[in-house]
Amino acid sequence: YARRTHGVDSLRAADILYDAGTSYWYMNEYEKASEFWSACLQIRILHQPDDESSRSTADNAPNELEFAKTLFNVAASHCAMGRYTDPRTTACLEDARKVFLQHSDDEEGCYLEAANCSFYLALVHYFRGLGVGNNPNNLVRIEIEDGVFEEMTAEHARIKLLETATKHLQEAGTIYRSRWYLTTSISSEDKGGVPTGGPILKAHYLYLQGSIVNALEKPQRAIGAYAHACHIYKSNGDTYLVYAASVLYAMGQLYTTLPDDTLALKCFDESLQLRQKQLGRNHGAVGTALFELANIHARLNNYSIG
């Protein structure tokens, strides 16, 4: 309707499509959000100047920033649907980050948006590192930089992707800290999946940091980050208890591998209690926690526990 009324490729139609995508995002309908934001992106691509010098002018800054925000939202919707290995996810985040950094001296918010892109790039590379293959000696081909591919063993690729995730997370952290976004005293508000500042942003940051260093087999550092993230989530109301349950579940898995069955049981049991409270007894996440608890009890020959 918007495209018929305002012109198929008009910027007004792009604005309406963008707003529709945002509405679907907040209804957790990520497929629909991605569809509308992608359509918006195609229109905004048509309105980008052909030459680089025109793109960087002050007059074109609003169009550039709207374009970058759309790129970021498309990537965020891909992540929400688990499409971490989709090359478009990484490309959208890298292109958006580049634009935000170009305008960071003029627009304070651009610096934060660039940090959010780096945070998501860390998330993407973390999941790509987890998914390179079960056999560490298999040869895989990965993109090591824009358009440059290299063949290496799966284990080498896993380490390289996780190290890249670490680099992006450190980039995000540098910006967040320089603008006091990683404090635990200011209020936060979720925006496109990443809070604009305060305790929840710090918890998300620590949760991802713990996950990355855990994958790099640095358990003590992971435990510290996980424990801190869990404390923050539990201290900020019922809304974030599901996140706390996820962190406790990850800690349970970590303790299982150490192995420390006593602490693993404690973490899985607390995760189970929080998931039952927040999600209901029939949710799949409750089932996974029960399964892990059952495995440990069976290993300890605790068959009489109901």
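This is a predicted model: local features need pLDDT of at least 70, side-chain atom pairs count only at pLDDT 80 or more; totals for chains, interfaces and linings use all residues.
**Helix 2 against helix 3**

I noted the crossing of helix 2 past helix 3 as left-handed.

I then listed the contact residues. Helix 2 contributes L11, A13, A14, D15, L17, Y18, A20, G21, T22, Y24 and W25. From helix 3 come Y30, K32, A33, F36, W37, A39, C40, I43 and R44. By class, I recorded 15 nonpolar, two polar and three charged residues in this contact.

**S77**

Next I checked S77, which sits in helix 5. Is S77 buried or exposed? Its relative accessibility is 0%, so S77 counts as buried. Leaving out residues up to four places away in sequence, I found that S77 touches W25, Y30, S34 and W37. Of these, W25 is in the helix 2 side of the contact above, and Y30 and W37 are in the helix 3 side.

**Nonpolar cores**

I turned to the largest nonpolar core, which has 49 residues. F100, Y120, Y176 and L208 have the most contacts inside this core. Two or more residues come from each of helix 2 (11-26), helix 3 (30-46), helix 5 (61-80), helix 6 (87-102), helix 7 (108-130), helix 8 (154-178) and helix 9 (199-215). Which helix gives the largest share? I found helix 7 there, with twelve residues. Apart from this core I noted another, of 33 residues, including L241, M251, L272 and I296.

Note on methods. Residues are numbered from 1 along each chain as its sequence is written. Side-chain values use heavy atoms; hydrogens and water are left out. A nonpolar core is a set of buried Ala, Val, Leu, Ile, Met, Phe, Trp, Tyr and Cys residues joined through side-chain atoms within 4.5 Å. Buried means under 20% relative accessible area, exposed over 50%, partly exposed in between (1.4 Å probe, protein chains only). Helices (H or I, at least four residues) and strands (E, at least two) are DSSP runs, numbered from the N terminus. A crossing is left-handed if the near helix is turned anticlockwise from the far one by less than a right angle, and right-handed if clockwise. Contact means heavy atoms within 4.5 Å. Ala, Val, Leu, Ile, Met, Phe, Trp, Tyr, Cys and Pro count as nonpolar, Asp, Glu, Lys and Arg as charged, and the others, Gly among them, as polar.
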